[in-house]
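Please look over the structure below.

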Amino acid sequence: MSLKLFNTMSGKKEEFIPQKEKQVGMYVCGVTVYDYCHVGHARAAIVFDTLYRYLQYLGNDVCFIRNFTDIDDKIINRANEEGIDWQEVNRKYIEAFHQDMGKLNIASPTEEPKATDHIPQMLEMIQSLVDQDKAYESGGDVFYSIKSFKDYGCLSGKNIDDLQSGARVEVNDTKKDPLDFALWKKSKPGEPSWESPWGPGRPGWHIECSAMSKKYLGDTFDIHGGGKDLVFPHHENEIAQSCGCTGKQPVRYWVHNGFVNIDKEKMSKSLGNFFTLRDVYKKYHPEVLRLFLISSQYRSPIDFSKKNLEDATKVMTRFYEGLAGANEKLKDLDTNSISDFQDKVKEHTLTKGFKTAMNDDLNTAVVMAQLNEGLRNINSALNNEDGLEDFAVYTHAWINVGKVIGLFSRTPEQFETELFAIKNKNLNLDVKKIEQLIANRNAARRSKNWAEADRCRDELTAMGVLTEDTANSTEWKIK
RNA sequence: GGCACCGUCGCCAAGUGGUAAGGCCGAGGUCUGCAAAAUCUCUACCGGCGGUUCGAAUCCGCCCGGUGCCUCCA
């Protein structure tokens, strides 16, 4: 039983075997930092965070690199729009990235390199390509000559003739071939620029990933990830550059995540149908978003909708309530007193089932089903007096499964509090009044004045409050 | 136009050769003063038509419907 990953290059699920045993090099395309992240960015981040966590769980030492693209037309435009320095734009949106992704429990990669910190490495690669006649200078720009790379199109399954007949490539007289792409762009006056053998300019988009992955992970590394939209041209161009430069295939497994859709259409900036994470967090808990985004397999498209997020909220709430119940039941148990506790957890059928699902190209949808079944078993056992040790093993196995896929990042109390704050934002409930009504109702219940008790509850219901009577108290929450 | 992918219960979503996981919603039972929560039970022959096979949601062909990439994009 071993991990299989769908490799875009072969179009098949392949057994994942790292170059060096138990050591994995993984590079994932991050974001261009000129705006707040949206749900699509979150999906990519979550998918590769989940892969990162799982690889580590399997005992690998993972060197995980996720870059920031911090120089680009959009950044320069944004700087002009906001009347601030382009580096200020970067600073602002990198900080926002960390805030917004942090709420999703995205672990920090090993390194988060920025393009502009690697200009020398990029220049070196470009020079090498020019020296090999695989790139040429033209009026201060430097282009990669795709004709020099016979395998161009191998990742995306395109052939050069089809691409040209598509006629959607930029018309540019300075290029020898319309499909050639920029390695180095001559800077316009007033734009940020770096010195180069071809005059002042800035790097093209694709070269940064080739240069940084090479620097941090070597000429050939294990996994390169990103959204499906990066397959062509970005990753195709990366292959061309890196192969051209080193003569080696840079990547052994190409992994791409599917899109987040709105009404079956790709969420994108250009269509304007995107939701920033900041907007989403106003209505839904970040962990709910994470759960939603891993509730289908990472390569499938996933439709972002109110209904789906509400469903996910219900599931996440049930998980945490079950967890709270289990914690309560286990609070006096010292798991260290259970012999071979960790081994029992590790060898539990729940854990094994989880690995089987994850090994099949990270089938987190199946893991969700397993967590739901696990929850049902936990809830069933909650009022059961015996088998506490077995229950502890089971519960810990269940929690571990959730944690490996990045769930249960809060305590049940934290989750409840945070969820309450989100739900209460629009309701603005008067907590004192609610507690008074509950006290009144319980007084009525004690004197068996059911009519009055029901009247109090109806009033609460009308406010959007749900009551749950327990043995000697009444819990309440927002519906 | 070229190249991919997708179409499974009302909704979401696994399953890729042996008679359909899970979640939401719905119906009924247990529990409860009644509820709620929890739990139990019930609810699909898999877009259509052919073909291969002892056997297909799963393979092949055609058709219908949808999406993506071919320009920046996670």
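**Strands, cavity and pocket**

Q: What makes E11 and E12 paired strands?
A: Strand E11 (residues 260-262) and E12 run antiparallel and are joined by two bridges. Strands are DSSP runs of at least two residues, marked E and numbered from the N terminus, just as helices are runs of H or I with at least four. Two strands pair if DSSP finds at least two bridges between them, so E11 and E12 qualify. Ile262 has Glu265 in E12 as its bridge partner.

The model is predicted: local features need pLDDT of at least 70 and side-chain atom pairs pLDDT 80 or more, whereas totals for chains, interfaces and linings use all residues. Residues are numbered from 1 along each chain as its sequence is written, chains are lettered from A and ligands numbered from 1 in the order written, and side-chain values use heavy atoms, without hydrogens and water.

Q: Why do E12 and E13 stand at the edges of their sheet?
A: The open sheet has three strands in the order E12-E11-E13, with mixed pairing. Strand E12 (265-266) and strand E13 (302-303) each have a single partner strand, so one side of each is left without a neighbour in the sheet.

Q: How do you know that E5 and E6 pair?
A: Strand E5 (residues 135-138) and strand E6 (residues 141-144) are antiparallel over four bridges. At least two are required, so they pair. Ala135 stands opposite Tyr144 in E6. The two strands form a hairpin with two residues between them, and Gly139 in the turn has a positive phi of about 60°.

Q: What makes a space a cavity and not a pocket?
A: On a 1 Å grid over the protein atoms alone, a cavity is a set of points where a 1.4 Å probe fits but cannot get out; a pocket is an open set with protein on both sides within 12 Å along at least five of seven lines. Lining residues have an atom within 4 Å of a point.

Q: Which residues line the largest cavity?
A: Its lining includes Ile46, Val47 and Thr50. Helix H1 (residues 39-57) gives the most, with three residues.

Q: How many residues line the second largest pocket, and which lie nearest its centre?
A: The lining has 32 residues, with Thr317, Leu419, Lys423, Lys477 and Ile478 nearest the centre. H15 gives the most, with ten residues.
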